[in-house]
Amino acid sequence: MSMPAKPAATLVLLRDHPDGYEIFMAQRAATMAFAGGMMAFPGGKVDDSDAAVPGDTAVATGFGGLDPVDAAARVAAVRETFEEAGVLLSEGPDVADDVREGWRKRIVAHEAGFGDFLHAVGHRLDARVLTPYAHWCPPENLDQRRYDTRFYVAVMPAAESAGHDGGESVESHWVTPAEALARADRGETMLLFPTRCNVERLAQHPTVAALMAHIASHPVRMIQPEVAMRDGEPWLTIPADAGYPVTSAPLNGLRRG
């Protein structure tokens, strides 16, 4: 029997660049059970504590009317970005580096939730800093580890800096979507199929403004890849009308998790 897909969230950080804009990506440690060694956006599973944040008006705003799954996923995306990249998307007073690191370690160890951190440092999270971008979930017969993943985009705050934690991620960089694809094509990095598809989609748009206009014209729908046979070989396919320029790839040898 297949296990239900676990809710997860991923955040694509954006910043302006002379060539348009860059995205933040980190290489996951080779020892990670899921996507080990792959380049990825910050993200991970939705924790139970994430669901408590949207209803706490002392530390959250802009969540009213959101689907509860979407609301919890937004918190998870922000929390994971703080854990993995050290970036805070919440608003409030400056938080000293040692305070950040102490709380980051506690949250990673599940000794405290992200809401506890927000209360402690006097920060508030506005759900509207995140824009829903995509929603992917593999079918039951395709992967043993199944994550029902919501992708969001957010503009990098000017006062923040991003890096890798040295644990889950061992290297990180800002890169244009086109260069991220070129590095993968040269064999310098590896991308999971959903990650590559979403980077290819990002690469179509020359500026953050153009990307946001594209997102506004393509309401989020769940993408569930399917296997189709072509000339006797299995291919992984996604819908052709969801805004992705490349919608299929040979299944054999394709890294999916």
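These legends walk through several close-up views of a predicted model.

View 1. As general background, nonpolar side chains in soluble globular proteins tend to be buried together.

**View 2. A closer look at L11.** Which residues does L11 touch once those up to four places away in sequence are set aside? Its partners are F41, P42, A77, T81, L89, L130, Y152, V153 and A154.

**View 3. Helix α2 against helix α3.** Here the two helices pack at an angle of about 155 degrees, and their axes are 10 Å apart. Because of that angle, α2 is roughly antiparallel to α3. The crossing of α2 past α3 is right-handed. On the α2 side, look for V99, W103 and I107; on the α3 side, find F114, D116, F117, A120 and V121. Sorted by type, the residues of this contact are seven nonpolar, no polar and one charged.

**View 4. H110, in the loop between α2 and α3.** While you are in this region, have a look at H110, which sits in the loop joining the two helices. H110 is not a glycine, yet it has a positive phi of about 60 degrees. Is H110 buried or exposed? With a relative accessibility of 60%, H110 counts as exposed.

**View 5. Helix α4 against helix α5.** Helix α4 (residues 177-185) packs on helix α5 (residues 193-203) at an angle of about 140 degrees, with the axes 8 Å apart. That angle makes α4 oblique to α5. In passing α5, α4 makes a left-handed crossing. From α4 come P177, A178, A180, L181, A184 and D185, which meet R196, V199, E200, L202 and A203 of α5. The contact is made up of eight nonpolar, no polar and three charged residues.

View 6. Residue V227 belongs to strand β11 (residues 226-230). Its relative accessibility is 44%, so V227 counts as partly exposed. Although V227 and L251 are 24 residues apart along the chain, their C-alpha atoms are separated by 7.8 Å. D231 lies in the loop between β11 and β12 (233-237). D231 is exposed, with a relative accessible area of 83%.

View 7. To finish, S248 is found in strand β13 (residues 248-250). S248 has a relative accessible area of 18% and is therefore buried, the cut-off being under 20%. Which residues is S248 in contact with, leaving aside its neighbours within four places in sequence? They are R230, W235, L236 and T237. H205, by comparison, is 43 residues from S248 in sequence and 20 Å from it in space, C-alpha to C-alpha.

Methods
Residues are numbered from 1 along each chain as its sequence is written. This is a predicted model: local features need pLDDT of at least 70, side-chain atom pairs count only at pLDDT 80 or more; totals for chains, interfaces and linings use all residues. Side-chain values use heavy atoms; hydrogens and water are left out. Axes are lines fitted to C-alpha atoms, for helices over the stretch in contact, and angles run from 0 to 180 degrees between N-to-C directions. Helices (H or I, at least four residues) and strands (E, at least two) are DSSP runs, numbered from the N terminus. Angles under 35 degrees count as roughly parallel, over 145 as roughly antiparallel, 65 to 115 as roughly perpendicular and the rest as oblique. A crossing is left-handed if the near helix is turned anticlockwise from the far one by less than a right angle, and right-handed if clockwise. Contact means heavy atoms within 4.5 Å. Ala, Val, Leu, Ile, Met, Phe, Trp, Tyr, Cys and Pro count as nonpolar, Asp, Glu, Lys and Arg as charged, and the others, Gly among them, as polar. Buried means under 20% relative accessible area, exposed over 50%, partly exposed in between (1.4 Å probe, protein chains only).
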